[in-house]
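This report covers a cavity, a helix pair and the confidence of the model.

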Amino acid sequence: MARLVRAAGLVMVPVLLLAGCNSSTTKKKTDQTPDQKGASASASKDPIKIGGVVSKTSASGYSKADTDLGAKARFMMANDAGGVNGRKIDYIGSEDDGQDPARTTTAVRKLVQQDHVFAVVPVNTTTIGGSADFLKDNKTPYIGWGTLPAFCNQEYGMGYNGCLVPMPGGSVNTSWPGLLTAILGGDAKGKSVALVTQDTDAGKFGLRTYQQAFPPSGFTVSYGKSTVPGTTVPTDWSPWVSEIMSSNNGKAPDVVVSIMQTPANIGLFTALKRAGFTGVLTDATDYDPALLKQASSKEALQDVQIFVQNMPFESDLPEMGKFKEYLSKAKGSPVTEWNQSMMVGWNSADLFLAIAAKAGDNLTVESFQASAANFSDTYPLVGDRKFPVGRKDSFGCGAMVQLKGDKYTITAPYKCYPTVPFK
């Protein structure tokens, strides 16, 4: 496979700012064994103990439990190939934090102080921010989906596709508008786009981000508002439809970008179609096989272009074949539906394995950190990975899929796009 051009993958912003508000004052622990943490540890063939923190349950009922399965599958594949420099991975599974800050703290401390894990992988919870200082104090690397500040500019934290939180002095990538440009025939000049988000702090931050991301690709942002209620889904979408349909100098825009969750997307898209909108509808949340089982959502999302950060599951790459093969092997039964959580677990584990392999036979936290500080490679399911750049900028790529009938099809292939400064 040709080397992917290094770039940054955009991310749905809504939960970016939920973690990172708490801090820990816990001092460095002293019960580390030399082989687990010490710089002076001799080369060992003992298993490398790894554990994760995942919101398998939550108050809203939303679950990221399959993150654990994805990590288990990737570590299993590594062990089948002999492990890392001859050492097997002892993956003890992921703690369920219930997406509750207090439970996150408890889970992280258990993994570090009782289980003595070498690293916390995968991390897929919005409440990891309060444990970042604790993990730093205890010199414990952690890897997850970089949608939170806890994965940015952190000495021990890494996002498997870099830091996806745009910040002053950082960058915003142009993969979503770049992929839409490809769908529109390769030229976005003269094309107008409407950006719609919810009236929340995260929604407003998302609007600010995408208002900067689309113009460099040639788009004109004709509409950009964060006025959709963040707590309830409107039953009457006519106020927004009326504004959007006349936002392009009295006409409808060429593209409507919804930076919202599925229930709001379904309501907005249904109302726009009924109003006669014939342009491109797009979002970044509705790539989910479960939606195909619901007649109302399947109808509302027909023909919608969905931006995805990971390599689409419809890809015929050998690496995707291994992903699917080992998910079934790890579960112990055939897996026929795949989701983002599985990919978060798999890609988090893969980055750990890649960095650990380059650290050499004498794996310590110090050698792991040294490897991460000057790390670069290309992994087809993510794209180019590079640190320390990834502590500040994102480098994930993206693709576009479209719901047609009862299945998703790839409409714009997985590709990386350049970044632009974030202001």
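Ten lining residues surround the second largest cavity; Tyr 160, Asn 161, Gln 309, Asn 310 and Tyr 414 lie nearest its centre. A cavity here is a set of points, on a 1 Å grid over the protein atoms alone, where a 1.4 Å probe fits but cannot get out, and lining residues have an atom within 4 Å of a point. Its volume is about 40 Å³, volume being the space filled by probe spheres set on the points. The structure holds two cavities of 30 Å³ or more.

This is a predicted model, in which local features need pLDDT of at least 70, side-chain atom pairs count only at pLDDT 80 or more, and totals for chains, interfaces and linings use all residues. Residues are numbered from 1 along each chain as its sequence is written, and side-chain values use heavy atoms, without hydrogens and water.

Helix H2 (residues 66-80) packs against helix H10 (residues 318-331) at an angle of about 100 degrees, the axes being 8 Å apart. H2 is therefore roughly perpendicular to H10, a class that spans 65 to 115 degrees. Helices are DSSP runs (H or I, at least four residues); axes are lines fitted to C-alpha atoms over the stretch in contact, and angles run from 0 to 180 degrees between N-to-C directions. Contact means heavy atoms within 4.5 Å.

| Helix | Residues in the contact |
|---|---|
| H2 | Leu 69, Gly 70, Lys 72, Ala 73, Met 76, Met 77, Asp 80 |
| H10 | Lys 322, Tyr 326, Leu 327, Lys 329, Ala 330, Lys 331 |

The protein chain averages a pLDDT (the predictor's confidence in each residue, from 0 to 100) of 88, and 90% of the residues score at least 70. Over residues 1-36 the pLDDT is below 50.

Notes
On a 1 Å grid over the protein atoms alone, a cavity is a set of points where a 1.4 Å probe fits but cannot get out, and a pocket is an open set with protein on both sides within 12 Å along at least five of seven lines; lining residues have an atom within 4 Å of a point. Helices (H or I, at least four residues) and strands (E, at least two) are DSSP runs, numbered from the N terminus. Angles under 35 degrees count as roughly parallel, over 145 as roughly antiparallel, 65 to 115 as roughly perpendicular and the rest as oblique.
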